[in-house]
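The exercises below ask the reader to work through one model, moving from single elements to the whole chain. Each task is followed by a solution that goes step by step.

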Amino acid sequence: MLAGFNGSSVTSSWPQYACPHTNGSHACSARTRCPIADDPNLAELLRRHRQTARLTLEQLAEASGVSARTLSDMERGRSRGPQHRTVIAVADALSLTGEGRERLIALARDGRLRDHWTRPAGLCELPRSVEDFTGRPAELAWMDELVHAEVSPGGAVVGLVTGSAGSGKTTFVIRAAHALRPGFPDGVFFLDLFGMSAQPRPVEDALGLLLGALGVAERQLPADAQARASLYRSLLRDRQVLVVLDDAASEEQIRPLLAADGPSRVLVTSRRLLAGLEGVRRLVLGPLQLPEAMDLLTGIVGERSVTDGPVALSRLAQLCGGLPLALRIIGNRLLSRPGWSITELAARLSDEEGRLEHFKAGDLKIANAFGMSYEQLGVVARRVFRRLSVVPGQDIDAEVAAVVGAVERAAAWDALDELVDLGLLQDGAAGRYRFHDLVRLFARDRLQREETAADRTALTVEVRSWLLRMATMAGRWFEPGYGRPDGPDADLVVLSDLEEADRWLRANLDNWLGALRQAQDAGEYAAVLDCAEAMHWFSDQWVHGPHWQEVFTLGARAAGALGDLVQQATQLNYLSWVHAIPLDDPEGALRCAAEALDLATRVEATTQIAWSHSYIAIARRKLKHFEAAVSSASRAVKLFGSLGDTDAYFSSISNLGYCLRDAGCHAEAAERFREALALVSDERSGITPSIAAHLRPHYLADLGRCLAQLGHRSEAITTLTEATDLMEPYDSDYHQGGALEALAALLARDCRMQESRRAYARAAAVFEASGELEAHRRCRDLAAGAP
């Protein structure tokens, strides 16, 4: 009951308002309907116009952009006061003019007016919760724990929910607040702070509304914000109230609105991180997981999700990137367009160029949500944001941001922090940042709108060049004769050692590989070839990297385009290595090596001829053509010996050892491995020290296996133990796993069961890390089964 009224006086005290149907010639009570407004009503008039136009609800929905559900609610009388823009869209779609158009608009306006006078008198009413809310079980559990958390005397419980535009923060807290309402008998209040608008709600206005909701009459409100905040806190102290503060702009706006202590709880949502707020419990809302996203779409589109099937629905959910706003927009578009299938819409969204334009339905448009955050940015952060869209990879760091923004690194850090704070970038590990797919498309759109075509082209070329030069410089750290560059380009990041070079290449793989593809398409063949060549030695450090086939394929094509047959043969030999080792495709390896041999022979490139024979030997050995493998390996040894290339000669000797070993000639193979070990152990041999250090444990392991086959178990165990100990500092790979498994088997045969079990366990861990799951399970089971 309203304050100041008793039961007998309420009826006579309802406000009167001038009725718009008669230009104010009579007054209507807000408690009773105007008979003029009800004859005919909005529902009947809309249905009559639609039937006259011979349109179904679905056809009207498609023509107007208003969802079929909204139109159905209007025609059934459930929505008697729709928004003005909705009615205008419907009137336009029905081609209404003159009196008919004015009547429809007037009835909708009257409905909104009736709603105004008949809604509950309380301020800060909690909005309705959407019926098809889906997912967020862990987040809802967090919310439940928050409101039931114990608090120390003088403390208060405040929950801060942050997330990017479209992540569903408001929908989530409203849903939670409705569920928690029974626990707050003194009220649940909702206040929009308009944090993303040009003029956020002033603190004193926010306090005035909240105090009014708590029962303070307007004439009793203190004049200044500080006094209002004090009164507000005192009222919360003695009441059990839940206050939801939506879309906060800043810490300064929020602090006066927080409870000081007592049983009340405050929930805050903001796109900003509000890192300066002390003593709050934080929850970051990320995108929905795929199953939850599919459930939300299913809840919106209903039976059509069954008709088109789960594969199409899954693809559509993936293209929405798990953003609830994007999912709702796409679901509403499907509802309003019954002729569309989920498969067809997913196909339309697959085109990146026009994808963003599909994310609009009626007054919902995802670009508008992102645009509100964009407008909050400073000049530098805006420039960095839109220009980051040209970076080809999935994530970026401050160095890349500095290049695209043409700013110093410190300014780039500041811009990235600002973008994270507003939810336009996701903060990752080790100083790296990532776009949501739809936000990247929005950034690209802003770049096209705000910068000229010439500037965009120049920027793309500059970023591509920088990434390729960085990758080439980093790769050459691993190549004998290069290492630390004498004078790197002034704009490149200085890498001080092999570890930094390795780290940069791995962290920026998507970026430099994307730049390599772009350079190939742009005809920048020399840059592509330089970069691919620089990756040769580094590829040995990352044997199972998934990208080497593409890198060396691009290198071979670039060399072919340049007419450089020697380099084309070189890249094809690298590609043969990729097929033979990481891909375990000996037929592909043989094909590439044979093509390289043909090219190298045509130009008498003896070094590449020798390498081709070496890779042919590897392929033939894997194909179990052992006699041919030994023959090719022997030719490679002879050619490398004549060239005086110690590194290559060493490699060819060990390769011959492998061929002899697999052919069953273990004694001869052991001699080759001893010869290779003698070379890597002799400082005067001329072998590059880094190569010697890297390969010595591998050949110890190979020798150990041969000794085991020859029956020299004790010597084999000693050799394999030394080999596996030396492999520890290096990345786990199939060499280390195989050596550990061989050692474990020998220890078991020597009845050293405890040591065998430990070796099998180490082998299992190595195989798991290198992705060889069958070997991992085999060694794990053997480790568990050993006594």
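**Exercise 1.** How many of the residues of strand β6 (residues 265–270) are buried?

Solution. The model is a predicted one, in which local features need pLDDT of at least 70 and side-chain atom pairs count only at pLDDT 80 or more, while totals for chains, interfaces and linings use all residues. Residues are numbered from 1 along each chain as its sequence is written, and side-chain values use heavy atoms, with hydrogens and water left out.

Step 1: strands (E, at least two residues) and helices (H or I, at least four) are DSSP runs numbered from the N terminus, and buried means under 20% relative accessible area, exposed over 50%, and partly exposed in between, with a 1.4 Å probe and protein chains only. Step 2: by this scale, 6 of the 6 residues of β6 are buried. Step 3: R265, L267 and T269 point one way from the strand, whereas V266, V268 and S270 point the other way, and all are buried.

**Exercise 2.** Determine which strands pair with β6, and in which sense.

Solution. Step 1: two strands pair if DSSP finds at least two bridges between them. Step 2: strand β3 (residues 157–162) pairs with β6 in the parallel sense over 6 bridges, and within this pairing G159 stands opposite L267. Step 3: strand β5 (residues 242–246) also pairs with β6 in the parallel sense, over 4 bridges, and here R265 is the bridge partner of L242.

**Exercise 3.** Describe the span of helix α37 and the placing of its buried residues.

Solution. Step 1: α37 (residues 753–769) has 17 residues and reaches 24 Å from its first C-alpha to its last, close to the 24 Å expected at 1.5 Å a residue, where the expected span is 1.5 Å times one less than the number of residues. Step 2: its buried residues are S756, A759, Y760, A763, A764, V766 and F767. Step 3: seen down the axis of α37, these residues fall within an arc of 165 degrees, so they line one face of the helix; the arc is that of the directions from the helix axis to the C-beta atoms. Step 4: just after α37, G771 takes a positive phi of about 85 degrees.

**Exercise 4.** Are D584 and E604 buried or exposed?

Solution. Step 1: D584 is placed in the loop between α28 (565–580) and α29, and E604 in the loop between α29 and α30 (606–622). Step 2: D584 counts as exposed at 52% relative accessibility, and E604 is exposed with a relative accessible area of 67%. Step 3: most residues other than glycine have a negative phi.

**Exercise 5.** Which residues have the most contacts inside the largest nonpolar core?

Solution. Step 1: a nonpolar core is a set of buried Ala, Val, Leu, Ile, Met, Phe, Trp, Tyr and Cys residues joined through side-chain atoms within 4.5 Å, and contact means heavy atoms within 4.5 Å. Step 2: the largest core has 123 residues, and those with the most contacts inside it are F385, L388, W512, M535 and W548. Step 3: helix α22 (residues 453–476) gives the most to this core, with 9 residues. Step 4: leaving out residues up to four places away in sequence, W548 touches W512, M535, F538, S539, W542, V543, W577 and V578. Step 5: a second, separate core of 48 residues includes L703, I717, L740 and A775.
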